[in-house]
Amino acid sequence: MHTDLSPHLHSTECNLIIEELKKCHSENKFAKFLGICNDLDRQMIVCLRNERKTRQKLNREKALEKQKRVQQLMREHQG
């Protein structure tokens with residue numbers, strides 16, 4: 001099961017792959033079950049994983065900055 005594939009949630013690169021995969025599925029109603037669209041599916045999974053890793057990294061950096069600010073405010077308040 002994939003994450004929400006709404007276009008506003010993903011990069012242009014991933015959206016192109018998602019659209020190609022949807023097109024492959026619609027054009028190959030039965031062959032899709034035989035794996036004809038698997039390469040596009042793998043590309044999409046890699047793209048979505050990379051997006052998630054980038055988001056995680058940015059969120060981790062923001063959290064560290066916030067922790068530093070809070071600690072600084074606590075030191076200023078104690079001193």
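Student: What should I know about the numbering and the model before we start?
Tutor: Residues are numbered from 1 along each chain as its sequence is written, and side-chain values use heavy atoms, with hydrogens and water left out. The model is predicted, so local features need pLDDT of at least 70 and side-chain atom pairs count only at pLDDT 80 or more, while totals for chains, interfaces and linings use all residues.

Student: OK, what's the secondary structure of the protein chain?
Tutor: Two helices and zero strands. Those are DSSP runs, H or I with at least four residues for helices and E with at least two for strands, numbered from the N terminus.

Student: And why is the chain more spread out than a compact globule?
Tutor: Its radius of gyration is 20 Å, well over the 12 Å that the globule rule gives for 79 residues. The radius is taken over C-alpha atoms, and the rule is 2.2 Å times the number of residues to the power 0.38. The C-alpha atoms fill a box of roughly 70 × 20 × 15 Å along the principal axes.

Student: How much of the chain counts as buried?
Tutor: 16% of the 79 residues. Buried is under 20% relative accessible area, exposed is over 50%, and partly exposed is in between, with a 1.4 Å probe and protein chains only.

Student: Switching to pockets, what volume does the largest one have?
Tutor: About 210 Å³. A pocket here is an open set of points on a 1 Å grid over the protein atoms alone, where a 1.4 Å probe fits, with protein on both sides within 12 Å along at least five of seven lines; lining residues have an atom within 4 Å of a point. Points are joined across faces, edges and corners, and the volume is the space filled by probe spheres set on them.

Student: Which residues line the largest pocket?
Tutor: Among them are Met 1, His 10, Leu 48 and Arg 52.

Student: Where does Arg 52 sit?
Tutor: In helix H2, residues 38-78. Arg 52 is partly exposed at 39% relative accessibility. Its C-alpha is 9.8 Å from that of His 10, 42 residues away along the chain.

Student: What about Glu 13, buried or exposed?
Tutor: Exposed, at 54% relative accessible area. Glu 13 belongs to helix H1, residues 12-27, and the C-alpha atoms of Glu 13 and Leu 48 are 9.9 Å apart.

Student: Last one: which helix has Lys 23?
Tutor: Helix H1. Lys 23 is partly exposed at 43%, and Lys 23 and Cys 37 are 9.5 Å apart, C-alpha to C-alpha.
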